[in-house]
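Visitor: I'd like a close look at a single part of this model. Could you walk me through it?

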Amino acid sequence: MKNVFILLAVACLTLSCTSSADKEPVLDPSDYEVYLSLKEQPTLELARSNQEFWSKRLRPDSSGVGDLAPLAAAYEQLFESTGDPRHLNHAEALYKKGMEISANDKDTFARSLAHNYISQHRFKEAYTLLQKTLEEPSNKHETQLMLFDAAMEVGDYEKAYEYLNAVKNMKDYQYLIRLSKWSDHRGDLDAAIEYMEQAKNIADSRDNKGLKIWTYSNLADYYGHAGRIQDSYE
């Protein structure tokens with residue numbers, strides 16, 4: 001599903017970059033045509049394989065707490081690959097089961113459930129759940145990061161800023177991407193770009209493909225907003 005949004009963005013960029021007859025087009029079709037082919041879908045096949053594997057491991061009574069999170073994650077991968085919301089519903093049920101039976105990882109399951117709610121655009125439920133989780137024994141840092149996300153979604157900007165300040169660390173990738181988002185919300189696009197570029201450096205140093213894809217695409221979006229079309233394309 002994310003690939004579809006990226007391709008739509010490319011299409012819009014193509015139109016914007018070829019609309020003027022006196023300008024050379026920025027895009028080269030050979031750079032993106034390969035991604036329009038649907039003959040092979042390795043991400044979807046991997047998600048299906050993971051779902052089958054963890055489903056077979058899970059006991060019929062769903063009491064295998066160690067298998068709940070990986071199976072839920074597989075369902076969320078299926079949602080990302082297909083856009084079918086039923087996969088999110090399956091993941092939601094598994095996370096709730098984990099919160100019910102886990103002795104030591106209730107807060108981990110709670111954050112996963114909140115992330116699932118955000119994916120479903122059930123922002124108020126995610127916000128309420130995370131606030132409750134913060135009051136209980138939990139990883140405060142991780143919970144506050146997610147509370148910033150949820151607070152921004154529901155428009156509680158004063159609290160969002162409080163949660164952001166509570167985890168301030170200019171060397172932390174997760175803090176920097178949220179500081180970038182906060183700067184963009186305030187209308188300071190230059191600062192948003194600066195902090196996202198710092199996050200990009202961290203993603204590059206870790207050579208983490210997932211972080212790099214997320215960071216590059218968001219930085220490209222900011223460059224586009226700033227009129228830096230060539231930088232955005234690159």
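Leaving aside its neighbours within four places in sequence, which residues is asparagine 116 in contact with?

Guide: Happy to. A word on the basis: this is a predicted model, where local features need pLDDT of at least 70, side-chain atom pairs count only at pLDDT 80 or more, and totals for chains, interfaces and linings use all residues. Residues are numbered from 1 along each chain as its sequence is written, and side-chain values use heavy atoms, with hydrogens and water left out.

Now to your residue. Apart from neighbours within four places in sequence, asparagine 116 touches Glu76, Leu88, Ala91, Glu92 and Tyr95, where contact means heavy atoms within 4.5 Å. Asparagine 116 sits in helix α5, residues 106–119; helices here are DSSP runs of H or I with at least four residues, strands are E runs of at least two, and both are numbered from the N terminus. With 0% relative accessibility, asparagine 116 counts as buried. The cut-offs are under 20% relative accessible area for buried, over 50% for exposed and partly exposed in between, using a 1.4 Å probe and protein chains only.

Of its 234 residues, 35% count as buried. Among contacts between residues at least 6 apart in sequence, 48% join residues at least 24 apart.
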